[in-house]
Amino acid sequence: MDDELHDLVALLEQHRAEGRDVAPVLAVVAVRQLLLPLGHESCAELRAMAEVFQCDEALLGSAILLSGLRQMQQHLNADLDELAVLAKEKLDGLCAGASEAL
């Protein structure tokens with residue numbers, strides 16, 4: 001990760017030095033999206049929840065977002081587990097084929 005971070009900073013510095021826009025460098029393609037529209041109705045609901053739980057609206061909003069991120073992480077963990085099983089199956093198949101060939 002350190003190399004990736006170093007490369008990112010170097011690329012940002014290069015763009016800045018050349019006077020180019022850094023937005024394309026910072027663009028991230030979302031694999032999953034968590035949508036939490038905060039319209040007037042949502043803000044009113046957040047205020048009402050904060051009143052019910054006697055807490056700060058901003059802290060409650062942060063906790064709600066954190067819960068959403070945790071849910072996304074659980075889905076990502078499940079995806080990684082599935083990929084690990086598929087990789088093991090592929091490797092087992094390749095190893096069995098190589099053993100038979102020998």
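Buried means under 20% relative accessible area, exposed over 50%, and partly exposed in between, with a 1.4 Å probe and protein chains only. The model on screen is predicted: local features need pLDDT of at least 70, side-chain atom pairs count only at pLDDT 80 or more, and totals for chains, interfaces and linings use all residues. Residues are numbered from 1 along each chain as its sequence is written, and side-chain values use heavy atoms, with hydrogens and water left out.

Select the whole chain. Of its 102 residues, 7% are buried. Its accessible area (Shrake-Rupley method, 1.4 Å probe; for residues, only the protein chains shown count as cover) is about 9000 Å², and carbon and sulfur atoms supply 61% of that.

Colour by secondary structure. The chain has four helices and zero strands, in the order α-α-α-α from the N terminus. Helices (H or I, at least four residues) and strands (E, at least two) are DSSP runs, numbered from the N terminus.

Next, select Leu5, Leu8, Val9 and Leu26. These residues make a nonpolar surface patch of about 330 Å². Patch residues have over 30% relative accessible area and no salt bridge, and nonpolar side chains (Val, Leu, Ile, Met, Phe, Trp, Tyr) are joined within 5 Å, like charges within 9 Å. A salt bridge is a side-chain nitrogen of Lys or Arg within 4 Å of a carboxyl oxygen of Asp or Glu. Helix H1 (residues 2-18) gives the most to the patch, with three residues; Leu5 lies in helix H1.

Last, go to Gln54, in the loop between helix H3 (40-53) and helix H4 (57-101). Gln54 counts as exposed because its relative accessibility is 73%. Its phi is near 50 degrees, a positive value in a residue other than glycine. Most residues other than glycine have a negative phi.
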